[in-house]
Each structure stands twice: as structure tokens, then as C-alpha cells.
Amino acid sequence: MSEPQMPTARTRVVREADRAVYDRDAVYRILDEGFLCHVGFSVDGQPFVIPTSYGRKDADLYIHGSAASRMLRQTQKEGVPVCITVTLIDGLVLARSVFNHSMNYRSVVVLGKATLVDDPAEKLAALRVLSEHILPGRWDDSRGPNERELKATSVLRVPIEEFSAKVRVGPPIDDEEDYAFPTWAGVLPLSLQAGLPVPDKSLSPDQGLPRYVSTYSRTSAIPPTT
């Protein structure tokens, strides 16, 4: 585990500060397990929050986008300040009182400036990072993007410099007088699991199932922390 990083005034966890995590390696593990982030930004005073895929390479996040997006139009000017959030839900925490119900979760907030990746070689490498982050092995097994597709796709880079995580684990915490209340209490674990692959109808009958599909899980997809 790396040394905890001192939070900034903007990333310091205020509510339930005991759940705060400022360790970079711990933040990387959460980012590497997720593959959907929400990106918040503002255009002419109007806030927007959009869901999109992402990938991590060392201390940079790469965000996938469309060449026609509002956020891209902003980054073409000077880069755009963004707030990126990733949340993993690990369980429903069922207390005896409605007020004390909760969730077990791991979440990360990254603040920074998103800039457009316009170097063709870096853009292609970033798209590979995005693909391999979600499904390792698929990039080399697929047709690469052509010039038209690359032009229609944007990739934004956000340095992972200002960040914090928040984690809740464990059982419900009830008020002392509620422990005698006659209802079930505990944790209902939740996880993201792959179902049975559904082949495309136009596949050749002798087309085998790739191992990276048949054995896929988010745990096995997570790369070593760097």
C-alpha cells in the first residue's frame, strides 16, 4: 500500500470522515474494478453530468467521448475542469430502523482538468487502454479503428492528482434501543457477474468462444496496480 496523500480542501471528506481513504493504491484498485464513471462539468453556468467509459494508465485517466459532445467543445478551447466519480456497490445494509439503512460501497472522486488527446499515436494507445480496461484481450482480437472512426471519437486525459475515496464495510449500526426490534437485519451482498455469452446469429457455427469471454469476471480483469 502506498503512503496516504494529503487531501486538498476540495477532496477532504467531511461527512463520515472516518470512511475516507487517501491512499493512491487503494484509489487505483477501485478505479480498476469499475468501468463506468460519471463526469461533471459546466458549460456557460449550466452543470452537466454524463456517464461514460474510462480506463487508467499509471496516473492518468482516459475518458471516452464523442467528437460532437459539449465537453469536447469546451476542451478544444482550453481544457475543462471536471469532477469524475466512480462507485462500486458491494451490499445493501439492512438495519432495524429505516433511518440506519445503508450500503457497503467503495467510491472515488477525482478533480482535475480534462484535455483533449490529439496526438494520433497517444489517442490510439488510449483507446486500447479503454478497451483492455473493460475486456482484456479483446483489442487484439478485433478490427482496429479506421481513420473515419478515429476522427469521430474523442479521448480526454485527466491526471489523477487531486482525489479521495470513501469506503463503507461491515454490518448495520442500529440505535441501542432498536436491537430488540423483531425484524431481520444484516447485509445483502451485491456483485457484478457475467452471464452466459449470447453468440451473434451471423457467427460461423465453428467459431469458438474466446477464453477472455468464457472466463470473464471483473476480478480477473483488474490489472496489477501501477
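Author: The questions below set values against definitions.

Author: This is a predicted model, in which local features need pLDDT of at least 70 and side-chain atom pairs count only at pLDDT 80 or more, while totals for chains, interfaces and linings use all residues. Residues are numbered from 1 along each chain as its sequence is written, and side-chain values use heavy atoms, with hydrogens and water left out.

Reader: What makes up the secondary structure of the chain?

Author: The chain has six helices and nine strands. Both are DSSP runs numbered from the N terminus: helices are H or I with at least four residues, strands are E with at least two.

Reader: Why is Met103 called partly exposed?

Author: Buried means under 20% relative accessible area, exposed over 50%, and partly exposed in between (1.4 Å probe, protein chains only). Met103 has 39% relative accessibility, so Met103 counts as partly exposed. Met103 lies in strand 6, residues 102-116.

Reader: What makes Asp140 and Arg128 a salt bridge?

Author: A salt bridge is a side-chain nitrogen of Lys or Arg within 4 Å of a carboxyl oxygen of Asp or Glu. In the pair of Asp140 and Arg128, the closest N and O atoms are 3.0 Å apart, and the pair forms a salt bridge. Asp140 lies in the loop between helix 3 (120-134) and helix 4 (147-152) and Arg128 in helix 3, so the pair ties together parts that are 12 residues apart in sequence.

Reader: How do you know that Arg106 and Asp90 form a salt bridge?

Author: Their closest N and O atoms are 2.8 Å apart, and the limit is 4 Å. Arg106 is in strand 6 and Asp90 in strand 5, 16 residues apart, and the pair links distant parts of the chain.

Reader: How many salt bridges are there by this rule?

Author: The count comes to 12 salt bridges. Arg143 and Glu149 form one of them, at 2.8 Å from N to O. Arg15, Glu16, Arg19 and Lys166 are linked in a network of salt bridges.

Reader: Why do such side chains pair?

Author: Side chains of opposite charge can pair when their charged atoms come close.
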